[in-house]
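Subject: Handing over a structure

Dear colleague,

I am passing a structure on to you, with some notes on what turned up in it. Please keep the sequence and the picture open beside this message while you read.

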Amino acid sequence: MRSEVASLPGSPERPNEDWVATTLPASGSGGTVVLLDGVTPPVGDDGCVHTVPWFTTRLGGALTELSTSRPDMPLSEILSAAIRRTADAHRNTCDLSHARTPQATVVLVRWDETRVEHLVLSDSALLLESPDGSVRAVLDDRLDRVPEEVLRSLAATDRLRNREGGFFTAAADPAVAGRAVTGTTPRTEVRSLAALTDGASRWVDLFGEGDWTDCHLVLRKEGPLGLLHRVRTLEAADEEAGGVRRWKRHDDATAAYVELPAP
């Protein structure tokens, strides 16, 4: 099995808030991918004494442990339990009801000899490649439906954060796991898979350098780091041209790529 991950911070002055892990069980059969994109809070109070990396490290660790040790639990239940475990770790010191309490997007994938399970929450992306080379993108597009002029307002964004009619992230409420995009694919129908934070998926959805199949081909040929370097080159060229296409010139960017062994 080929498995590669790469992550680049958006700025050398700030810690990388993404988190990624791939695992293989002791039996050597199956595996998991966990990818989180920590949500950078605006300057000001978020009700928490901890940093976003503190949160993503604990949530990612809980997801990794539970997804490998509890094959009997559906991924949505695993996310719910991991959110609860992480919330309990700072419930006595922080205001977890605050709209900007530390939170993250989630991609969680688990496979065995018969199936590939997936869960996607918010704007990170999962790509599933079939044996014939076709690529299916699994996306949670609720954040994309929010107009940019709304997202420019902190107050308006807070009113939509983890609310019906808005968008959902993994924060402090375990019930949000029920809002994730989930599914199962027969193992014979998946040759490889990739998980991307939105800092990495910019190659497709911001700069339009290709579609998801093209993106997956870059990952296959150049690996995750190759894709991330391509994104940074595009960001630099866009900045030099004076065309800031998003409120973040550079974002933390993380990608995982896994080629599954033949079933």
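Asn162 sits in the loop that runs between α4 (154–160) and β8 (181–186), and, although Asn162 is not a glycine, its phi is positive, at about 55°. Please bear in mind here and below that the model is a predicted one. With a relative accessibility of 22%, Asn162 counts as partly exposed, since buried is kept for residues under 20%.

A second residue of this kind is Ser122, which is not a glycine and yet has a positive phi of about 75°. Ser122 is placed in the loop between β5 and β6 (125–129), and with a relative accessibility of 3% Ser122 counts as buried.

Turning to the whole protein, you will find six helices and ten strands in it. Its radius of gyration is 18 Å, which agrees with the value near 18 Å that a compact globule of 263 residues would have. Along the principal axes, the C-alpha atoms fill a box of roughly 50 × 45 × 35 Å. Of the 263 residues, 51% count as buried, and the protein exposes about 11700 Å², of which carbon and sulfur atoms supply 51%. If you take the contacts with a separation of 6 or more, residues 24 or more positions apart account for 70% of them. As for charge, there are 29 positive and 40 negative side chains, and the centres of these two sets lie 2 Å apart.

Next comes the interior. In soluble globular proteins, nonpolar side chains tend to be buried together. The largest nonpolar core here has 26 residues, and those that touch the most other members are Leu59, Leu63, Leu79, Val106, Leu108 and Leu121. At least two residues of this core come from each of β2 (18–23), β3 (31–38), α1 (52–69), α2 (75–88), β4 (104–111) and β5 (115–121), and α1 gives the most, with six residues. Apart from this core lies another one, of 22 residues, among them Leu8, Ala125, Ala200 and Ala255.

Which residues does Leu108 contact, once its neighbours within four places in sequence are left aside? They are Val33, Val34, Leu63, Ser67, Leu75, Ile78, Glu117, His118 and Leu119.

Helix α1 also holds Phe55, a residue that is buried, with a relative accessible area of 1%. Not counting residues up to four places away in sequence, Phe55 touches Thr86, Pro102, Gln103, Ala104, Ala170 and Ala171. Phe55 and Arg163 are 108 residues apart in sequence, and their C-alpha atoms are 21 Å apart in space.

Last, why can helix α5 (residues 198–205) be called largely enclosed by the rest of the structure? The reason is that seven of its eight residues are buried, namely Asp198, Gly199, Ala200, Ser201, Arg202, Trp203 and Val204.

With best wishes

Key: Residues are numbered from 1 along each chain as its sequence is written. This is a predicted model: local features need pLDDT of at least 70, side-chain atom pairs count only at pLDDT 80 or more; totals for chains, interfaces and linings use all residues. Side-chain values use heavy atoms; hydrogens and water are left out. Helices (H or I, at least four residues) and strands (E, at least two) are DSSP runs, numbered from the N terminus. The radius of gyration is taken over C-alpha atoms; the globule rule is 2.2 Å times the number of residues to the power 0.38. Buried means under 20% relative accessible area, exposed over 50%, partly exposed in between (1.4 Å probe, protein chains only). Contact means heavy atoms within 4.5 Å. Accessible areas come from the Shrake-Rupley method with a 1.4 Å probe; for residues, only the protein chains shown count as cover. Lys and Arg count as positive and Asp and Glu as negative; His and the chain ends are not counted. The place of a charge is taken as NZ of Lys, CZ of Arg, CG of Asp or CD of Glu. A nonpolar core is a set of buried Ala, Val, Leu, Ile, Met, Phe, Trp, Tyr and Cys residues joined through side-chain atoms within 4.5 Å.
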